[in-house]
Amino acid sequence: MSGTYLGMPAFPKAAHEAVRNDTLRANLRHATHTIRDKRAVAVAELDDWTELREAGKQIKDHTLSRLDHYLVQLEESVTAAGGTVHWAAYADEANRIVADLVKATGEGDTGKREVVKVKSMATQEIGLNEALEAEGIAAYETDLAELIVQLGEDRPSHILVPAIHRNRGEIRDIFRSEMEKWGRAAPEGLTDSPAELAEAARLHLREKFLRAKVGISGANFMVAETGTMVVVESEGNGRMCLTLPETLISVVGIEKIVPTWRDLEVFLQTLPRSSTAERMNPYTSMWTGTTDADGPEAFHLVLIDNGRTDTLADEVGRQALRCIRCSACLNVCPVYERAGGHAYGSVYPGPIGAILTPQLRGTASEIDASLPYASSLCGACYDVCPVAIDIPEVLVHLREKVAEHGGPGHRLEKAAIKAAGWVLDHPGVLAAGERVAAKTRRLHPKKLRGPGASQWTDSRDLPEMPAEPFRDWWKKNRT
Amino acid sequence: MRVALFATCVNDAVYPSTAIATVKVLERLGVRVDFPAAQTCCGQPQYNTGYRRATEPLVRRMARAFEGYDHVVAPSGSCVAMVRDNYPRIGRKAYAEGRGSALTDVADSLVPRTYELTEFLVDVLGVTDVGAHFPHRVTYHPSCHGLRMLGLGERPRRLLEAVRGLELVELPGAEECCGFGGTFAVKNADVSTAMGADKVRNSLSTGADVLCGADNSCLMHIGGMLRRQDAPQRALHIAEILASTEEEPLV
């Protein structure tokens, strides 16, 4: 499987394969149900969950409404603390800035250029690893699941658990065959026990941490008033990447700002409980610019837009920018559970991906135009969202945009909707149609052909038509 | 109290027995029901597929059809959720587009008067025992829009528990979507079917002979899969169970 998302088929086509993969279905079902049940317990522990959710929503909405102000304040704070801020409107620009920064450090001038990475959605979104590779810079992922994905030349399929589609046996096989190509080989006789797999990863990664001169991260939050970056993680690999290298480059989406330090209080409660079902995540790293003889000597913040201001301009769609990447919506989504993350053709899969990706990338491609329809609108995602993003509302809003645009198949659909609308606005015609359907019911076939119809009858019987519509019964019996 | 039945288009054309059952239950409880013939469809399929503007004539039609009634009762959670959640949105968007407040007025008028059947029975009439008799093993699937958008909660279960002869058994994974989702069922037929297959498996595992729900569109999907498998279980709307009595049993 290639590392890029270009040329992905539309969601229904990609999902067609996934629902037939029994191993994938079993892996996803087990993993998502385990996390969703734990999350429910962790959230139920807090009496003030509803208030925290509302506070998180309001902090984010307030910040987004004054984003220009807070971005400038953040730049001033970061600069005052000894960091350097770079602005990138698009992915290419961000990648160029990072590559130049890595080269400017002199890292690997005589040998191989290397960087270590903390798991970051933003750098995946802009395809940073591939861009660096093209510049002769090797970027090593250090999060366990990202390592599995990178070694397996695979793509992440979940925001929080990128290798959720893999089971232990598959991971052991990847470690055995691939680790030696990237550095320290897997230990002899490696089994699929979690402890052994974790130890193999620890040994493999340790030599990379100790050697690296440049670390690259994202950030979960940026505090405008202090210029502080925040990364929350579970494995300690983040702490290593953020403290050991001489140069630290953080690539962060502009919507990750909170105004004040105090605002973190809300999100540091809601994020871990929503994502890993923990009361507090194991590692919370915070850094503010640079400090003499403590941590990196140089800090660069690359702020990326990459479609975010366009999203912000949409009154309904902008709520997607509240997202704190907890992935609770993925774990409760019945569609994600069956289709898997790869079917969404984006680093942001699941319900949040279905509303974020078509806004960040637009809906020109087949896959992006299909994403707003990748939902039964069951609403489970909205219920669990810790910043109350009404995902079904945004999905329908985006469907409207896609339908207006008139992509493949939408012209026919539009005509059908128009015709149905006319009938439904003429009850006499509707009643006549219902009568014809009822009178000819013995002639109705069990299976139908044609777009829409066969997709129904391939797996379900049609209901038997009644002898008469309700409105005729009413006329005979009650008037 | 002037009460109008909003039968919904699906029930009118495909499941008249559900609308008839709704009339009978309400009449048995002393409610005088009317069926305004100008009604057709709430516009949910159009709206949820992305055709908001095509929905607007149907929103206006709903307002005309149900003008003057104190309560509008529908045996469909998703159609009521369409009115309650989406009519105000349609109104707000039309207003924002500079097309006046006619549609927000419709929403303001219809939203507080429109009830899903089990809501109307429990909240407005204050009844949980409707005098029904239905000697069967029944499991209940709370459709998503009733569950999450309307917050029907325990109302349907309380009504079912009061039915004489009825044994209510819990449905594993009850709160998971059945996979219908309107046009989702055909636009993403593979995923929809996979979700439906899990729902059917859970439902059959209860040993119930009836899978009950409050939304015939979901039941059309689940019931269609049950029939395709020749399964020993049928899908049935809650109104038909509540209408069944010893004197006039549902067959």
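Okay, hi everyone. Remember as we go that this is a predicted model. Let's start with chain A.

Chain A has 23 helices and ten strands. Its radius of gyration comes out at 26 Å, close to the 23 Å that the globule rule gives for 479 residues, so chain A is as compact as a globular protein of that length. If you box up its C-alpha atoms along the principal axes, you get roughly 90 × 55 × 45 Å. And 50% of those 479 residues count as buried. Now take the contacts in chain A with a separation of 6 or more: 75% of them are between residues 24 or more positions apart.

Let's zoom in on one helix, H8 of chain A. How many of the eight residues of H8(A) are buried? Eight of the eight, so the helix is largely enclosed by the rest of the structure. If you want to click on them, the buried ones are Leu144(A), Ala145(A), Glu146(A), Leu147(A), Ile148(A), Val149(A), Gln150(A) and Leu151(A). What do they pack against? Strand E3 (137–141), H9 and helix H10 (194–211), again in chain A.

Now slide along past the end of that helix. H8(A) is followed by Glu153(A), which has a positive phi, near 45°. That residue sits in the loop between helix H8 (144–151) and helix H9 (168–182) of chain A. A bit of background: most residues other than glycine have a negative phi. So is Glu153(A) buried or exposed? Exposed, with 11 other C-beta atoms within 10 Å; the cut-off for exposed is 12 or fewer.

There's another one like that in chain A. Ala293(A) isn't a glycine either, and its phi is positive, about 60°. You'll find Ala293(A) in the loop between strand E9 (283–288) and strand E10 (298–304). Ala293(A) is exposed as well, with 5 other C-beta atoms within 10 Å.

Where they touch, domain 1 of chain B puts in 27 residues and domain 2 of chain B puts in 22. On the domain 1 side, the elements giving two or more residues include helix H2 (16–28) and helix H5 (77–96) of chain B. That side divides into eleven nonpolar, eleven polar and five charged residues.

Next, the two chains together. How many residues does each chain give to the contact? Chain B gives 52 and chain A gives 48. Among the elements of chain B that give two or more residues are helix H4 (52–65) and helix H11 (189–205). By class, the chain B side has 29 nonpolar, 14 polar and nine charged residues.

The axes of helix H20 (residues 410–424) of chain A and H4(B) come within 10 Å and cross at roughly 5°. H20(A) and H4(B) are therefore roughly parallel to each other, since angles under 35 degrees count that way. From H20(A) the residues in contact are Ile417(A), Lys418(A), Gly421(A) and Leu424(A), and from H4(B) they are Ala54(B), Pro57(B) and Leu58(B). That makes five nonpolar, one polar and one charged in the contact of H20(A) with H4(B).

That's it from me, thanks!

Methods:
Residues are numbered from 1 along each chain as its sequence is written. Chains are lettered from A and ligands numbered from 1 in the order in which they are written. This is a predicted model: local features need pLDDT of at least 70, side-chain atom pairs count only at pLDDT 80 or more; totals for chains, interfaces and linings use all residues. Two residues are in contact if their C-beta atoms, placed from the backbone, lie within 7 Å. Helices (H or I, at least four residues) and strands (E, at least two) are DSSP runs, numbered from the N terminus. Ala, Val, Leu, Ile, Met, Phe, Trp, Tyr, Cys and Pro count as nonpolar, Asp, Glu, Lys and Arg as charged, and the others, Gly among them, as polar. A residue is buried if 20 or more other C-beta atoms lie within 10 Å of its own, exposed if 12 or fewer, and partly exposed in between; C-beta atoms are placed from the backbone. The radius of gyration is taken over C-alpha atoms; the globule rule is 2.2 Å times the number of residues to the power 0.38. Axes are lines fitted to C-alpha atoms, for helices over the stretch in contact, and angles run from 0 to 180 degrees between N-to-C directions. Angles under 35 degrees count as roughly parallel, over 145 as roughly antiparallel, 65 to 115 as roughly perpendicular and the rest as oblique.
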